[in-house]
Amino acid sequence: MEYWAAVLFLAVIVIIYVFVCFGRIRRLDEGTDEMKELSGLIRDGANTFMRTEFRSIGAVVVVLALVFTLFVEKTSGLTLLLGAVMSSIVCILGMKSATYANVRTANVARNTLSVGETVKVALLGGSISGLAVQAFGLLGLTGILLCFGDIQADATSHGLLASLPCNPYITRITTYSLGCSVVAMFNRVAGGNYTKAADISADILGKIRHDLPEDDSRVPNTIADFIGDNVNDIAGNCSDLLESFVATISASLMIAITLYVTGGEQVSASAFEATLLFPILLAGVGLLACFLSLVLASLRKRMSDNPSKELNIMTWIAAALTLLMGLAICYFLFHDKQMYDSFRLDWISPWCSVVFGILSGILIGSITEYYTSTEFKPTQELAKIAHEGEAFVITKGDAIGSRSCLLPILLIGISLFVSGRICGTYGIALSALGMLSFVAATVSIDAFGPIADNAGGIAESCHLDQNVRLITDRLDAVGNTTAAIGKGFAIGSAAFATVSLIVAYVSNYAHTGAEPVLNIASYVVIAGGIIGGALVEYFSALLTDNTVDAAKLMADEGDRQLSIPGVLEGTVKPDYNRMVRMAANTALRKMMLPSVLAMLIPVIGGLLFGVDFVGGMLVGATITAIPRAIFMGNSGGAFDNAKKYIERGAVSGSEKGSPAHKAAVTGDTVGDTRKDVVGVALDIFIKTMSTVANSLATVFTHITLFR
């Protein structure tokens with residue numbers, strides 16, 4: 001218990017540092033009056049959207065908490081609320097820090113004309129999001145473990161109105177994770193609709209219909225696009241990776257409990273305690289490693305003018321420190337204990353699984369970079385074929401997306417197989433946790449991108465010197481790559497997390513002393529698998545339709561405003577607030593069905609057809625969603641960067657405004673929905689389904705309509 005308290009203390013220290021950084025950002029100068037006005041619009045719009053969204057989220061969370069408290073376990077409603085609160089705080093803090101950092105990044109570029117100084121401000125803003133994700137996630141989880149004492153493998157539950165069979169310790173952990181999942185799902189669905197409807201409509205109006213520069217303030221949709229970068233790419237991403245981080249720790253703890261229950265007398269209580277401690281301590285040293293690397297970066301008097309180099313160094317430091325400290329913890333906990341037979345390499349087995357997870361995350365990020373960056377052949381070829389027209393762009397982009405699926409999935413499969421061979425089902429969960437053990441660093445770098453993008457937009461809209469825009473464009477180019485890598489990382493970690501949750505799910509309802517097995521040859525499991533795969537496609541279609549409908553409404557409204565005398569001439573300002581309200585209302589109206597769907601599907605399936613049907617559904621959905629998400633993310637990233645490759649003059653005869661450029665803009669419009677709406681929501685869809693299933697696994701074994 002004292003080790004959990006140490007991790008809790010570390011999380012509190014990091015949170016204090018996060019608020020110190022937030023204060024540092026606030027104290028920096030915003031720049032000219034025009035910059036202050038524009039940043040105020042962005043900040044107010046983002047705040048209004050989040051306030052409205054969280055009223056809807058709050059209602060859903062309260063209903064879920066009451067259900068669990070009354071019918072499953074009396075304290076599980078509180079832990080669900082705690083998970084939702086932790087995730088909400090991280091979203092709001094990350095979003096607010098980004099809306100303060102964007103204009104200050106632009107102003108530092110304006111005053112210093114230094115890439116290195118500008119990078120420091122953008123990274124400072126990003127580090128608030130990154131450290132908050134890992135620190136608040138651990139704060140809530142270790143708080144639950146400390147409040148409810150030592151975990152007992154054979155405890156029983158008591159609800160206020162009913163006592164459905166479950167282990168209360170497992171239920172508290174899964175409902176904490178579920179609270180995080182609910183916030184993540186709503187954020188990704190609503191935030192994705194908001195930002196991409198605004199982005200697509202702004203591109204259509206500015207680049208295709210009116211031949212205006214990117215981020216031109218005459219286009220009213222532009223401001224909504226700036227706001228969307230913060231509510232989706234910052235707040236949505238924070239909640240997404242917080243949920244993955246918490247889910248992998250939860251799966252590790254659940255599997256540790258199951259191993260002890262099914263392991264018999266051969267494993268001591270001290271060995272069981274070690275398997276419970278290791279995931280928490282690994283996450284703790286990962287947080288410490290990220291904290292040290294980010295502090296070192298902030299203390300440097302001067303950064304180089306190579307942003308990619310600086311960000312890569314910080315990530316490698318965090319990863320290396322996590323591995324070294326993780327090895328020490330593994331030796332300390334396991335070296336003198338009689339372990340499970342599945343630990344093939346004795347005490348070092350858990351650490352080896354962690355290494356495979358970390359290596360997989362790094363390699364998946366590198367593969368994503370290859371297929372989406374302008375520095376490599378796939379995206380360059382996509383840009384060069386744009387002169388043939390839209391059909392060639394879309395077809396080529398689809399081929400890039402499909403080809404990019406093989407290697408990441410091969411890596412995931414090999415890592416899961418090797419981790420399972422080395423350390424059993426516990427190793428699979430640890431492999432997932434290894435990938436997310438230094439999530440604070442990866443989220444910090446990912447958040448750097450939207451801050452730099454917003455800074456560039458502010459520089460353009462506020463008519464700053466061209467040299468300022470050159471600096472912000474350089475940061476934005478790096479940010480596009482880090483965002484693509486971040487999406488690949490999020491999808492890869494979701495794959496690992498979901499597999500570990502599925503393993504934990506089957507373990508939750510397996511009979512005591514029996515090996516947890518899901519019979520894939522069973523017609524019930526196959527039926528669930530087929531339906532699970534189809535639900536992924538239906539979910540994707542829902543999100544795409546919602547975004548297209550919203551983008552059309554906003555494009556039509558933007559056209560109406562541009563037709564007002566004086567708006568195109570720049571003498572009359574468009575009605576930004578009307579456009580922002582339209583984006584927010586449309587996104588919030590369309591978020592409920594897809595979000596609730598992910599939570600209801602496993603409940604309905606379990607109550608009607610039982611645990612095996614739900615297990616098959618989870619497997620089918622995961623097998624379908626992972627390649628689909630990779631395809632969506634990488635094809636969308638290639639479309640986006642092919643357009644940017646043309647815009648910077650890298651393709652001879654395809655300058656801005658040319659038919660080739662407009663074809664690339666069409667590709668980017670298609671890719672926007674793929675990478676920032678569907679791709680990023682699919683991973684939360686399968687994680688939410690798995691988390692709900694874990695929370696109710698033992699309930700499904702006792703209450704099934706069609707046995």
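1. Asp640 and Lys675 are both buried, a term that here stands for under 20% relative accessible area with a 1.4 Å probe and protein chains only, exposed being over 50% and partly exposed in between. The two form a salt bridge whose closest N and O atoms are 3.6 Å apart, a salt bridge being a side-chain nitrogen of Lys or Arg within 4 Å of a carboxyl oxygen of Asp or Glu. Asp640 belongs to helix 18 (residues 611-647) and Lys675 to helix 19, 35 residues apart; helices (H or I, at least four residues) are DSSP runs numbered from the N terminus.

2. This is a predicted model, in which local features need pLDDT of at least 70 and side-chain atom pairs count only at pLDDT 80 or more, while totals for chains, interfaces and linings use all residues. Residues are numbered from 1 along each chain as its sequence is written, and side-chain values use heavy atoms, with hydrogens and water left out.

3. Asp676 and Lys196 also meet in a salt bridge, at 3.0 Å from N to O. This pair links helix 19 (residues 659-702), which holds Asp676, to helix 5 (residues 168-209), which holds Lys196, across 480 residues. A network of salt bridges includes Lys196, Asp640, Lys675 and Asp676, among others.

4. Arg104 forms a salt bridge with Glu30, with 3.5 Å between the closest N and O atoms. Because Arg104 lies in helix 3 (residues 76-112) and Glu30 in the loop between helix 1 (2-27) and helix 2 (33-71), the pair ties together parts that are 74 residues apart in sequence. Arg104 and Glu30 are both buried.

Definitions and conventions. Helix = DSSP H or I, 4+ residues; strand = E, 2+ residues; numbered from the N terminus.
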